[in-house]
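Here is a friendly walk through some of the words used for a protein model. Each question asks where a description comes from, and each answer sets it against its definition.

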Amino acid sequence: MPALESSNCVWMGTGDSFLKDSVATAPYGVKLKLYKHWLEVYNKSGGIDFQSSKQRMFFSLCNSYRDILHHHKKPFYQKGSDEDSSIMDAYIMHSLNHVFKTKDIISKNDAKLSKNQETAREVVITSDSFLDQGFTRPKVLILLPLASIALRFVRRLIQLTPSAHKVNVDYMDRFNKDFGADEEDEGDIEAKESKLKKPSKPSDYQALFGANNNDHFMVGIKFTRKSIRLYSDFYSSDMIVASPLGLITKIGEAEANKEKDVDYLSSIEILVVDHADVISMQNWSHVNTVVEHLNLLPSKQHGGDIMRIRQWYLVAHAQFY
C-alpha cells in the first residue's frame with residue numbers, strides 16, 4: 001500500500017493483505033452519521049477527493065485493527081511545515097466509530113433482553129451474540145505527552161463528533177482552564193527573558209512547549225446519547241486521555257494502597273500513543289509499564305454483567321490482542 005506524500009515509502013505488513021477485504025466505498029466501515037459529519041468537516045476545511053485522502057487511507061489501516069507503527073507523521077512543531085492533522089483525524093474517527101458501535105451493540109442487546117425478561121438469563125447463556133462487554137467500560141486509551149497536545153486532541157475530538165451527540169459538552173470551561181495556556185504565566189516568562197536579554201528559544205521549542213507543558217494529567221471522557229462529559233469517572237468513561245506519567249502515578253497508588261486499583265485499564269481495545277518522539281524524551285519506560293498493566297484480570301468486580309463478558313477477557317487472553 002503506498003504511503004501518501006512519501007514517494008520512497010510504502011506501508012508494509014507482517015500478514016496477508018487486508019485491502020481486498022476492506023470497505024472501499026462510502027461509508028468505509030464508519031457509522032453513517034459519523035461518516036456524514038466527517039465528510040462535512042473535511043469539505044469545510046477545503047479538502048478534495050475524500051476517498052483518496054490521507055486520513056481516509058489511514059483510517060482504513062486503523063479499521064483493520066492491526067498494530068500500526070507510523071513514523072512519518074509531520075508534527076505540528078516541525079519548522080517550516082503546516083500541521084498534519086490527517087493522522088489524528090483518522091485515529092479519532094476510528095476511536096469514535098469503535099465507541100459508538102460498541103454502545104449500539106450493547107443497547108440493542110439490552111432491548112432484546114428487556115422484551116424477554118423471563119428467559120433472558122437462559123438466552124444469554126446459550127447465545128454468543130450477547131457476549132458484548134468487557135470487565136469495565138473504557139475501551140479507548142490515548143497516551144499523549146503534554147497537556148497542550150491533549151487540549152488539541154479533545155477539541156478536535158469534539159469537532160469530529162456529530163452535532164446530535166454533543167448538544168452539551170460538560171465541564172469544557174474547566175478543561176480549557178486546566179489544559180490551556182496560562183496567559184499570565186507566559187507573560188511573566190516573556191518579561192523575565194526580555195529583562196535578562198536571553199536569546200529566544202527556537203521556533204519548534206516554542207511551538208511544543210510554549211503552551212501548557214504539564215506532563216502529569218489524566219481525564220475520562222464519556223459519550224451519552226446527546227452529550228459529551230469530560231472528567232467523567234474512569235469506570236463510567238468510554239475513553240481515557242492521559243500522559244504516561246499520569247497513569248504511572250495511578251498505578252503506583254494502586255500498588256501502595258490495596259483499596260485503590262486501575263481496573264479501568266482491564267478492557268482497553270484501542271491504544272493510541274501519539275507524539276511518541278516527545279514521550280521518548282520524557283521516559284519511555286512509563287509507556288512500557290502502562291502497556292504491561294493493560295487488559296489484566298481486574299482485582300474486583302465493577303458492576304458489569306459477568307454473563308455478557310467476552311470469552312477472551314474471562315480467559316485472560318485480552319492482553320495478547
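A hairpin joins strand 3 to strand 4 through three residues. This is a predicted model, in which local features need pLDDT of at least 70 and side-chain atom pairs count only at pLDDT 80 or more, while totals for chains, interfaces and linings use all residues. Residues are numbered from 1 along each chain as its sequence is written, and side-chain values use heavy atoms, with hydrogens and water left out.

Q: How do you know that strand 3 and strand 4 pair, and in which sense?
A: Two strands pair if DSSP finds at least two bridges between them. Strand 3 (residues 218–223) and strand 4 have three bridges, in the antiparallel sense, so they meet the definition. Lys 222 stands opposite Arg 229 in strand 4. The strands themselves are DSSP runs (E, at least two residues), as are helices (H or I, at least four), and both are numbered from the N terminus.

Q: Why are helix 3 and helix 5 called oblique to each other?
A: Helix 3 (residues 86–115) and helix 5 (residues 147–160) pack at about 60°, their axes 10 Å apart. Axes are lines fitted to C-alpha atoms, for helices over the stretch in contact, and angles run from 0 to 180 degrees between N-to-C directions. Under 35 degrees counts as roughly parallel, over 145 as roughly antiparallel, 65 to 115 as roughly perpendicular and the rest as oblique. The two helices are therefore oblique.

Q: What makes the contact of helix 3 with helix 5, by class?
A: Contact means heavy atoms within 4.5 Å. Among the residues involved are Met 88, Ile 92 and Leu 96 of helix 3 and Arg 152, Leu 157 and Leu 160 of helix 5. The contact has eight nonpolar, no polar and three charged residues. Here Ala, Val, Leu, Ile, Met, Phe, Trp, Tyr, Cys and Pro count as nonpolar, Asp, Glu, Lys and Arg as charged, and the others, Gly among them, as polar.

Q: Why is the pair of Tyr 91 and Phe 153 called stacked?
A: Rings of Phe, Tyr and Trp (its six-membered ring) pair if their centres lie within 6.5 Å; planes under 30 degrees apart count as stacked, over 60 as edge-to-face and the rest as tilted. The structure holds 15 aromatic pairs. In the pair of Tyr 91 and Phe 153, the centres are 6.1 Å apart and the planes are at 20°, so the pair is stacked. Tyr 91 in helix 3 and Phe 153 in helix 5 are 62 residues apart and link distant parts of the chain.

Q: How do you know how helix 5 and helix 6 are oriented to each other?
A: The axes of helix 5 and helix 6 (residues 172–179) come within 9 Å and cross at roughly 150°. These helices are therefore roughly antiparallel to each other.
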